[in-house]
Amino acid sequence: MFQRVERIVRNRPAPPRGRRLMRGLAAAGLMVASAFAAPTATLAAATKGPDTVADTAAQVMDAVVNISTSQTVAPSRGVPTPELPPGSPFEEFFEEFFKRRQQQGEDNAPRRVSSLGSGFVIDATGYIVTNNHVIADADEIFANFSDGTKLKAEVVGRDTKIDLALLKVTPEKDKPLKAVKFGNSDILRVGDWVMAIGNPFGLGGTLTVGVISARNRDINSGPYDNFLQTDAAINRGNSGGPLFNMDGDVIGINTAIISPSGGSIGIGFAVPSNTAVPIIAQLKEFGETRRGWIGVRIQQVTPEIAESLSLGKPRGALVGSVTEEGPAAKGGLKAGDVVVTFDGKEVKDMRGLPIIVADTPVDKQVEVVVIRKGEEHKLKLVVGRLDEEETKDSAAETPEQKPDAQPPVATTKALGVEMAELTPELRTRFKIKDELKGVVVVTVEPGSVAAERGIAPGNLIVEVNQEATVTPKEVQDRVAALKKEGRRSALLMLSDAEGQVRFTALPIE
């Protein structure tokens, strides 16, 4: 989708001084905005902006710090000797050159490298916020202040999912720290003026001005993406630095940029303050995050699914399955429910529900509004705590089974698949768990919508439009009834051989 979304840090070898080596620190295709900012032609520069931001900048500048880190890098294995044809005129030269380097140990010694990023003081007692990628794997971390003070920092806690870290320094007795406060990022509008202060390219105390270009950006960097987009110049070294509103409140933490070249092109991303504040509070109190969890697997509500469920337009998050004995199961949520409101907050789409749940305090009882078979239901559940070590929920994939010389099976064709009643022989053939029920898919028509949507032999059709099915005739009858009602698609609940379920809508021919 994006040309190149990057989180960027400025890295350099510690010795010799003056030598600056900039390295991109890539993570899942993201370049960290940790150390750079250069002027670019932006919308802000082309239109009339505020008369001056000098007064606001003077109030907050001293709270912004440069974060410098160092770490020991393991020795490289050396550069292999090029393979040249026997008798080549350069053969002896290359052999002698590379052999001498190996004997002298030039490629085998550990190296010290350093990197530069940004951060800002949120508490005069010494608490500093930055990005996690700025201080990841660092052996030593220092906060460098505008007056030349350099304080060693310790990591209080970090959050890899939103890319935040909280540091602690001990202020010098005669030099109290200047702190800034967070503002309300929810009230920001596209077009509001903002300013970024940070350490681009190692140039500490650099200020750039722009506007909020967009809100709620998902750049595929994590499960809780909800970035502010700005055209204020953000470059390598800006990572972890603050994005201020015109009142001098921090409304974002600069984190990533889109950059084909590695420099700013006026598309930068910041973690909203309202996303960061509860996480930072948890890191300060517990040294770790404590996110809410309810135990559901969810899907996007597509236009076809919305039509099948009589929702009107796509909205909410479709519950694919519910974890046994989890908070959702205890609260009465069922597969096929569409969550439209959680704890008084509207769930606009699938991506919104994990963000809302994660921000909800653990052990809080909340009201959940769901659409079930066209009717609205209000449920109550108690939010649990997410195990941060758990892998992200994703639909399980069942490889297509290709058994050899299987006995013939009586099948019925509908919706682009051939299906059959689930017999002991088919259960064995597709390794379907004993407790699972439904109509088994035997073959899928190549090039059909069913094939495009990932339906595979061995899948079970458990429900058609939220009505249970155990025989092929029940599937056919339900599809025929939907066609008579004027429906254009049928909503199927599918299960794989392991019992992982999902929903998909197929057109009725």
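A search of the whole structure, a predicted model, finds 1 cavity of 30 Å³ or more. The volume of the largest cavity is about 80 Å³. Its lining consists of 11 residues, of which Ile162, Tyr224, Asp225, Asn226 and Phe227 are the closest to the centre. By residue class, the lining of the largest cavity divides into 5 nonpolar, 3 polar and 3 charged residues.

The second largest pocket holds about 720 Å³ of space. It is lined by 24 residues, and those closest to its centre are Asn216, Asn226, Gly352, Ile355 and Ile356. H8 gives the largest share, 4 residues. The lining of the second largest pocket comprises 7 nonpolar, 7 polar and 10 charged residues.

The structure contains 2 aromatic pairs. In one of them, the ring centres of phenylalanine 120 and phenylalanine 182 are 5.9 Å apart and the planes meet at 75 degrees; because planes over 60 degrees apart count as edge-to-face, the pair is assigned to that class. Phenylalanine 120 belongs to strand E7 (residues 111–123), whereas phenylalanine 182 lies in the loop between strand E12 (164–168) and strand E13 (193–198); the pair links distant parts of the chain, 62 residues apart. Phenylalanine 120 has a relative accessibility of 0% and therefore counts as buried. Phenylalanine 182, at 23%, counts as partly exposed, because the limit for buried is under 20%.

Phenylalanine 227 and phenylalanine 269 also form an edge-to-face pair, with 6.3 Å from centre to centre and 65 degrees between the planes. Phenylalanine 227 is in strand E15 (residues 227–230) and phenylalanine 269 in strand E19 (residues 268–272), so this pair ties together parts that are 42 residues apart in sequence. Phenylalanine 227 counts as buried at 4% relative accessibility, and phenylalanine 269 counts as buried at 0%.

Lysine 284 lies over the face of tyrosine 127, at 4.6 Å from the ring centre. Arginine 290 lies over the face of phenylalanine 286, at a distance of 3.6 Å from the ring centre.

Methods
Residues are numbered from 1 along each chain as its sequence is written. This is a predicted model: local features need pLDDT of at least 70, side-chain atom pairs count only at pLDDT 80 or more; totals for chains, interfaces and linings use all residues. Side-chain values use heavy atoms; hydrogens and water are left out. On a 1 Å grid over the protein atoms alone, a cavity is a set of points where a 1.4 Å probe fits but cannot get out, and a pocket is an open set with protein on both sides within 12 Å along at least five of seven lines; lining residues have an atom within 4 Å of a point. Grid points are joined across faces, edges and corners, and a volume is the space filled by probe spheres set on the points. Ala, Val, Leu, Ile, Met, Phe, Trp, Tyr, Cys and Pro count as nonpolar, Asp, Glu, Lys and Arg as charged, and the others, Gly among them, as polar. Helices (H or I, at least four residues) and strands (E, at least two) are DSSP runs, numbered from the N terminus. Rings of Phe, Tyr and Trp (its six-membered ring) pair if their centres lie within 6.5 Å; planes under 30 degrees apart count as stacked, over 60 as edge-to-face and the rest as tilted. Buried means under 20% relative accessible area, exposed over 50%, partly exposed in between (1.4 Å probe, protein chains only). A charge sits over a ring if NZ of Lys or CZ of Arg is within 6 Å of the ring centre and within 35 degrees of the ring normal.
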